[in-house]
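Please have a look at the structure first, and then read on.

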Amino acid sequence: MSVRRFVGANSRDVMRQVREALGDDALIVANRRTEGGVEILAMADEAVDHFEPSPSSPPAPASQVAFSSRDSDPLQAMSERLLREMQEMRELLSQRQSAGDAPASATTDDPLSRLRQQLLSVGFSEELSDEVLAALPTSLAQQDADSALAMEWLRGQLMARLPVLKEETGFFDKAGIVALVGPTGVGKTTTTAKLAARFVMRHGTRPVALVTTDSFRIGAHEQLRIYARLLDTPMYALDAEQPIDELVGRLQGKQWVIIDTVGMSQRDQRVIEQIAHLQGGQASVRLVLLLNAASQPETLEEVVLRYRQAARAAGAELDDCIITKQDEAGRLAPVLDIVIRHGLRVLFGSYGQRVPEDMAVADPAALIDQALSASLGKGREERRPPSTSQPHSVSLPRWSRDVLGQGRRLSSVLTRLRERIIGFSALESVWNIASLPSVLQDKRLDALLASEPCADKGLGMAWSPRRNERGCDWSMPDLALDADGGWLALTSLQHRQPAGWQSRLLRQGETLGAAVHLLPVFPDPATLAWLEAQHLTWVTLVAATQRVYCQGERYAQRQLFTDSPLTHHTDLRFRGQTVQLWHTHMAVEDAAGTPMLAWIGDVRDPENGKRIARRYWLTPARLGTDVRSLLVIQLQSEGVSSLTKRAWQQLKDSDDGEVSTEVRLLMASGIAAAAGHLDVANDDAAIALRSDLLRLLGTTRKRRDTAMLDALVHAFMARDAIRQLSSVSREGLE
């Protein structure tokens with residue numbers, strides 16, 4: 001037998017013997033202490049497969065067992081029994097694997113598997129399903145997780161990844177030429193009439209014209225001509241080989257022109273010629289791809305790939321689509337899957353022949369709900385393995401799909417950041433300025449800031465100290481606050497503000513609409529009187545030695561709380577940690593008799609109660625204790641300065657000094673404000689956004705705030721790289 005006995009003075013000595021004799025993968029069968037030290041029975045791992053104690057042999061008679069127990073080592077007998085059981089378990093697992101039987105829990109009890117199976121069953125692809133579920137929070141992946149919460153999370157993830165037209169006005173109020181393209185029978189002519197009717201309802205008949213290039217189908221001109229007559233709009237015919245410029249002279253005074261193009265198979269080489277003719281003239285033509293929701297997934301995949309290739313070959317972009325024939329589709333998930341994976345924006349959904357009733361602006365909630373509620377029915381398609389649920393006749397290499405997946409996640413993250421954080425689009429504009437030649441940067445920044453991109457969007461300001469940050473030659477910009485207390489992504493540079501506190505407060509009140517001010521120092525008497533006269537909300541940090549009056553006596557603020565217990569506490573995030581703020585307050589006055597509340601707060605570790613920091617504040621007595629949330633916000637704003645230093649250094653190391661100081665400081669502080677915003681938020685959307693950001697970074701970190709910062713820097717740099725590559729890609733591929 002392959003079991004060997006090793007004896008030594010202690011466990012370390014015996015284990016050394018085992019490793020030397022059997023290697024690091026040795027299997028410890030049994031161990032016990034003896035009078036001489038420690039005894040271990042061990043064997044090489046591969047020897048288990050060759051051990052042949054017959055598991056099916058009948059049990060030995062009692063007399064034989066008794067005899068064996070007297071004449072053999074009990075430890076040896078136990079080791080044999082353990083080895084027999086191990087071999088039986090291996091044989092059982094092998095049988096299960098060969099039969100293809102998965103454990104029941106993998107399909108019924110595991111929330112991740114249940115969600116994945118549901119996505120696949122309604123028609124989403126494995127690729128998108130795995131991408132979405134990779135961000136499933138740990139709390140929802142537990143066996144006892146609420147399935148309704150998991151489904152709501154899944155619904156939110158899919159909605160966030162589905163780009164749509166926000167408002168109908170965004171499409172119809174933009175003058176120009178729109179061309180509908182797509183395969184034969186997808187519904188271009190009917191959709192042309194629906195769009196024209198909606199435009200007429202908004203702007204009247206005078207500014208609109210219809211154009212058809214379809215001279216192949218019998219009656220195609222006549223069908224559109226009937227719609228044009230009903231709408232009282234002119235209709236023009238254009239040969240497929242004619243450039244649009246030949247019609248421009250006849251379209252004078254028409255603000256909105258819609259072209260019904262010839263339907264062509266995605267495999268028809270003339271698709272490229274058709275789009276090239278549309279884009280070949282001086283007039284700019286917007287392309288919109290129509291996708292038939294009732295088509296097979298592999299057909300839709302091929303349509304998107306071929307038509308977008310044709311658009312790129314003509315030097316055009318094809319990023320918008322309209323989903324047609326929703327009423328004829330058994331499942332909506334396949335077309336949404338393709339739209340999401342290719343990053344198309346859905347403008348409208350069409351679901352019937354009535355003009356213009358049977359069309360609506362794309363609603364992500366309604367589309368995703370319709371997709372998830374669909375069922376396959378019973379039959380052969382339902383039993384088809386997931387790996388073959390959506391075959392694609394046209395596909396991309398695995399590495400290309402991985403890159404596209406990263407691009408989709410980046411696009412989704414940036415879109416949600418723009419929607420969530422006020423000023424994020426302005427921060428992107430600052431980053432765009434950084435890519436310009438240095439001689440142009442300051443001028444462009446002046447123009448951007450003069451436009452006041454965040455005007456009337458800030459509830460308040462978290463003001464920074466009027467000094468340079470330690471070890472830096474710049475001072476921390478001031479942070480604007482939104483209505484929920486979150487930081488805006490576009491910060492306010494100190495040296496661009498007027499002198500004097502009252503002037504600064506007035507300026508930000510006029511531009512941002514700021515009515516709440518978190519001050520780093522106690523204001524001078526004139527400023528304090530102005531704040532009170534304006535009935536503004538303010539909170540000010542003060543030193544422990546700040547003098548105040550309590551019941552007619554003058555005290556340093558620390559003396560007020562010498563014997564006062566801290567009775568209230570609030571949970572918060574502070575410098576990347578989850579902590580508690582324990583605090584209390586007392587009614588006081590300043591030298592001028594202004595009634596105020598004096599506060600003391602200890603930031604403590606919730607696990608051991610250790611004090612991390614102590615702060616003192618003064619607030620207006622008229623606001624009472626409602627200012628507690630502002631104390632928390634001011635504490636949290638302290639962490640943004642350290643994040644700004646980290647971002648500043650990263651940017652300085654990567655830009656080689658070619659970015660102006662002001663631009664770099666706005667970039668660094670804006671990224672830090674966005675990271676801090678996400679770190680302190682605890683709603684479901686913020687949790688999902690943090691997860692997707694960390695997936696972009698590709699690593700996990702212990703400190704969430706710095707991880708958010710690094711992920712945002714990575715996202716911006718990836719965005720800039722993609723923009724740069726897209727601008728030179730055609731030159732590089734020629």
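Helices (H or I, at least four residues) and strands (E, at least two) are DSSP runs, numbered from the N terminus. This is a predicted model, in which local features need pLDDT of at least 70, side-chain atom pairs count only at pLDDT 80 or more, and totals for chains, interfaces and linings use all residues. Residues are numbered from 1 along each chain as its sequence is written, and side-chain values use heavy atoms, with hydrogens and water left out.

**The sheet**
- An open sheet of mixed pairing is formed by 8 strands, in the order β6-β5-β7-β4-β8-β9-β10-β11; two strands pair if DSSP finds at least two bridges between them.
- The edges belong to β6 (235-237) and β11 (359-361), and because each has a single partner strand, one side of each is left without a neighbour in the sheet.
- On average, neighbouring strands of this sheet are turned by 25° against each other, direction ignored.
- Strand β10 (residues 345-350) runs antiparallel to β11, and 3 bridges join them.
- Opposite F348 stands V361 in β11.

**Helices across the sheet**
- Helix α10 (residues 188-203) lies across several strands, including β4 (176-181), β5 (208-212) and β7 (256-260), and runs at about 170° to β7.
- Angles run from 0 to 180 degrees between N-to-C directions, with axes fitted to C-alpha atoms, for helices over the stretch in contact (heavy atoms within 4.5 Å).
- Helix α15 (residues 333-342) lies across β8, β9 and β10, at about 180° to β9.

**Cysteines**
- The structure holds 0 disulfides (pairs of cysteine sulfur atoms within 2.5 Å).
- C321 is buried at 0% relative accessible area, where buried means under 20% (1.4 Å probe, protein chains only).
- C454 also counts as buried, at 7% relative accessibility.

Methods. Buried means under 20% relative accessible area, exposed over 50%, partly exposed in between (1.4 Å probe, protein chains only).
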